[in-house]
Amino acid sequence: MRLVTAIVKPFKLDEVKEALEAAGVNGMTVSEASGYGRQRGHTEVYRGAEYTVDLVPKVRVEVLVEDDDAEAVIEAIVKAAQTGRIGDGKVWSVPVDAVVRVRTGERGVDAL
Amino acid sequence: MDISAGDTAWVLVSAALVLLMTPGLAFFYGGMVRVKSVLNMMMMSFVAIGIVTVLWVLYGYSLTFGDTGNGFIGDLKNVGIGELVDKVATNGAVYPIPALAFAMFQLMFAIITVALISGAIADRAKFLAWCVFAAVWVSVVYFPVAHWVFDFGGAEAGGSGAGWLANKGVLDFAGGTAVHINAGAAGLALVLVLGKRIGWPKTPMKPHNLPLVLLGSGLLWFGWFGFNAGSALGANQTAAVAFTNTMVATAAALLGWLAVERLRDGHATSLGAASGAVAGLVAITPACAFVAPWGAVVIGLLAGSICAVAVGLKYRLGYDDSLDVVGVHLAGGLVGCLAIGFFATREVNTAGKDGLFYGGGWGVLGTQALGAFSVLAYSFIVTLVLGFIIHKLIGFRVDKDAEVEGIDLDEHLESAYDLTSTVGGVLGPRTAKASHMEVSA
């Protein structure tokens, strides 16, 4: 099993969600995040004074998938979240040792 | 004299309009501070309504419009203002409106002048110290200065005793000197007493809610028709002139500020539009009944563009005038008062004068400068002394931890927005605001 984590632009959340549903993903966890990558935030101007906004608002999407599905899920997220401009975000996946469904106690792939 | 129903209705409505400017100012200022201090910012305006109203009835009206003949301050014969019941307003002329309507209209000016100062010391003033300051400042600075400018004599039947600047012929229709230059100079003095906020100017202290700022400037604009057109003290031609000039100067100033921003920074901002409108309102205040509409357009453009540049000075000089009381109200007030020297014309108002552009020579400008700088100097010096006394006696600033944690929580035990507890409702475009709150709460 693998945990796929995606950091995407907030306004892309709906498209990512739809793409994941289309790819057969049954559940996900979404949380607010803020950060920056190579784009290093942006500047805003108030009454002529410049303010650097380093940490840009992002959304973090986390999905648990079977090993064989990971690549397809990553592809689906990237396709849905891409605008081609800086700040589109990142997607990565890591191996997961154990998954338990709290309600039933099922383990491993059965718990996905 | 009989009471005129039309004039009385207009002055009473105008008084209510001017009162609305203070909550409007609270929104204007409140949106410009950070999430952790918006309530304190708005409270400084609201408490001014309470404090100044009570003092005005007790002795403020009497000190401002009382009749001593010394030109500096009035007497105490109208303490309690109960004597005004059944009288008509007399101030230089006799007006067919109740004296109490005049007293209430003038009260609203005293309130907003005090509230204006608070923008200079955002995020860091002890609430109790602010209350003490408001009470003493309005007594020793506003009441005398308003007497100098606004008292044309004869507040009591058969009396004389106008203010010394009114006697000199300083033209200030609705309070460019007594309200805006006065508040701006006082704000500058308080900035010197309190010092800069922790982290200023390196820590970003950007406005937390610009829609609130725009709402506030809209309410100020609306209420300002009472401030300026109401100062005619009647429903008449002068009121219509003041109304017209207030509208066009404000519109021009809004555009002037945006033009400077677009040329200098590349973008026209909503904060710039709100600030430009207020700068225009400030500048046209003293001039609104003395200039032609074309003059008002020029005054507006000058005010909008000059104030847009003036607000940047604090970074060069190192003064944390947090919400630009100096850059908008002092600068805008000076623009308006001095512009009268150029643009005033008796074609608009026979009670006015002809300025430089109407063949009146340099004399009018000189008189206007005397009025503007007398008020500026008196207000700055007295406020500086008063501020230091309050700072020594009870401390004007909250302690460092409280300032960093947020003055709302420290001084009022409240927080403005409870967004962090709405689980599930914080995703989407509001992400930035919610995370900002978590940092500062």
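Guide: Welcome! Let us start with burial: a residue is buried if 20 or more other C-beta atoms lie within 10 Å of its own, exposed if 12 or fewer, and partly exposed in between, with C-beta atoms placed from the backbone. In chain B, buried residues make up 59% of the 441 residues, and in chain A they make up 23% of the 112 residues. This is a predicted model, in which local features need pLDDT of at least 70, side-chain atom pairs count only at pLDDT 80 or more, and totals for chains, interfaces and linings use all residues. Residues are numbered from 1 along each chain as its sequence is written, while chains are lettered from A and ligands numbered from 1 in the order in which they are written.

Visitor: Is Asp2(B) buried or exposed?

Guide: Asp2(B) counts as exposed because it has 6 C-beta neighbours inside 10 Å. Look for Asp2(B) in the segment before helix 1 (5–32) of chain B. Helices (H or I, at least four residues) and strands (E, at least two) are DSSP runs, numbered from the N terminus.

Visitor: How many helices and strands does chain B have?

Guide: Chain B has 16 helices and 2 strands. The C-alpha trace of chain A spans about 60 × 25 × 20 Å along its principal axes.

Visitor: Which residues have the most contacts inside the largest nonpolar core?

Guide: In soluble globular proteins, nonpolar side chains tend to be buried together. A nonpolar core here is a set of buried Ala, Val, Leu, Ile, Met, Phe, Trp, Tyr and Cys residues joined through C-beta atoms within 7 Å. The largest has 161 residues, and Val114(B) and Ile299(B) have the most contacts inside it. Helix 3 (residues 99–117) of chain B gives the most to this core, with 16 residues. Another core lies apart from it, with 17 residues, among them Ala6(A), Leu13(A), Val61(A) and Val73(A).

Visitor: Why is helix 9 of chain B said to be largely enclosed?

Guide: Of the 18 residues of helix 9 of chain B, 17 are buried, so the rest of the structure largely encloses this helix.

Visitor: Now for the sheet. In what order do the strands of chain A lie?

Guide: Strands of a sheet pair through backbone hydrogen bonds, either parallel or antiparallel. Two strands count as paired if DSSP finds at least two bridges between them. In chain A, 4 strands form an open sheet in the order 2-5-1-6, with antiparallel pairing. Strand 2 (29–35) and strand 6 (89–95) of chain A are the edge strands, each pairing on one side only. Strand 1 (residues 2–8) and strand 6 of chain A pair over 7 bridges in the antiparallel sense. There, Val8(A) stands opposite Gly89(A) in strand 6 of chain A.

Visitor: What pattern does chain A follow along the sequence?

Guide: The pattern of chain A is β-α-β-β-β-β-α-β, made up of 2 helices and 6 strands.
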